[in-house]
Amino acid sequence: MSEAGRTNPWMAAAIVFLIVTIVLGVAYVVAPRKVTTTSTVVSVSTATTTSTVERTVEKTVPTTVTSTLTTEVTKEITREVTRTETVTKTTTETRTTTKTTTVTETTTTTSTITTTVEKPKPLTLLELAEAIRRGEIDVGTTYGLALGQRFHNIHANVLGLACQTCHQASKYPEDYLYIRKYVAEKLVEEGKLLGVVDRGVCIGCHRQNSIARPFYMPFYGLYNVTSGASG
Amino acid sequence: MAKFGLLIDLTRCIGCRTCEAACKMENFVPPGKYWLYVLEWEIGNFPEVRTVYVPMNCMHCENPSCMMACPVDAIKKNEYGVVLVDYEKCIGCKYCVAACPYGAIDIYEEKTWYEDYKTPYEEIPAEKKHPLHRYQPGKAFKCTLCFHRWEDAVKRGEKPGTTPETTPACVLVCPTGARLFGDLDDPNDLINIRIAEKRAVQLKKEFGTRPQVYYVTTK
């Protein structure tokens, strides 16, 4: 019986094979499926659009200022504050299409806004004053106090000081120590009395080391008293 | 170096305006214009009321703002500290008028005292006058500290203000001795002694013009 009792090696091999197949089959069915999608690029398109818009920005000068100015001065000031701006907008759009149903769309929008002012206006009062001194701003060539001559062109038109900034009161105070009171108080413009000018308003800008050309010197402690007499 | 100036004692001034009149006569100042003007106003409450008189003329500043403002260099400060206008160079732009904080400078206009005739005084021809009195219409003119009166003396080395002839007209005529003329550079000059003693002050120091006219304001 040894023959019959002995296991047939082919049989055993077949069983082992069967078991292995079953295990593998089960494993195959049970294992999670990793789905990967490979997409093929079909087309890539990039579109860039640039548009330039010109617009005119107008600022209105407050009526408190214009009401005190002559028409000519008002026109001049309006021209000063009217300026043209150029706005450039660039849009870049990249579109990528793939074969699969999954579509990846990337849109990048870049906008660059550049503002260029046609007539650059100096930024500070000092720069403005220097530009006047260099003759870069047209203030006329006639030295004089009459309207239309350099003095009022500079202060009223270019610096935009309102008339009342300087022509403050109809009369000097009684104790205002000023010899020309007798003429200054008769100053008239178009028949109406023009305010007198307290020269104190000039100090700030016309003091040495200020913005405009110096007429007045710093007083307190900034120079040597040469004579024994000091006030 | 000399530096002539004035000391005006407001506690002595009685507001008679003789200085004003003398200045006009001496310097042919036309009607309606003044080189020297006496300001006056009232202070206090009844019954303690009084009038303040402040005679003012060109301060002959050490830092003359009129000179700084002049675009043609027509205003100069001479070696005696006197600020003078050059009528030939002046273009009549009035910048000096605008810049002077004391209102000391004005524009000359030809005007006679009477409409129909000129007084013999007004008939004096320009060539007979001192160059400082040969004004031109439309151009600046102002107090000269009567430089024409003491110019020769000072050039000869004499001390101006020691004789009537070399003293400014306004100082000479003051009935109360409220005006004093002298050399601010000379420590021994009476003007400096009085300035120190009376604590005299300059007007409108904030402009930094350093006037050579001092005022006594308190007793």
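A: In this predicted model, Glu197(B) and Arg194(B) form a salt bridge whose closest N and O atoms are 3.1 Å apart, a salt bridge being a side-chain nitrogen of Lys or Arg within 4 Å of a carboxyl oxygen of Asp or Glu. Because the two residues stand three apart in helix H7 of chain B, about one helical turn separates Glu197(B) from Arg194(B); helices (H or I, at least four residues) and strands (E, at least two) are DSSP runs, numbered from the N terminus. Arg194(B) is partly exposed, at a relative accessible area of 29%, where buried means under 20%, exposed over 50% and partly exposed in between (1.4 Å probe, protein chains only).

Salt bridges with shared partners also join Arg180(A), Lys33(B), Asp106(B) and Glu109(B) into one network. Within chain B, the side chains of Glu109(B) and Lys33(B) meet at 3.3 Å, N to O. Glu109(B) lies in the loop between strand S6 (106–107) and helix H4 (120–123) and Lys33(B) in the loop between helix H1 (18–27) and strand S2 (37–43), so this pair ties together parts 76 residues apart in sequence. Glu109(B) is partly exposed at 43%, whereas Lys33(B) is buried at 5%.

Residues are numbered from 1 along each chain as its sequence is written, and chains are lettered from A and ligands numbered from 1 in the order in which they are written. Local features need pLDDT of at least 70 and side-chain atom pairs count only at pLDDT 80 or more, while totals for chains, interfaces and linings use all residues, and side-chain values use heavy atoms, with hydrogens and water left out.
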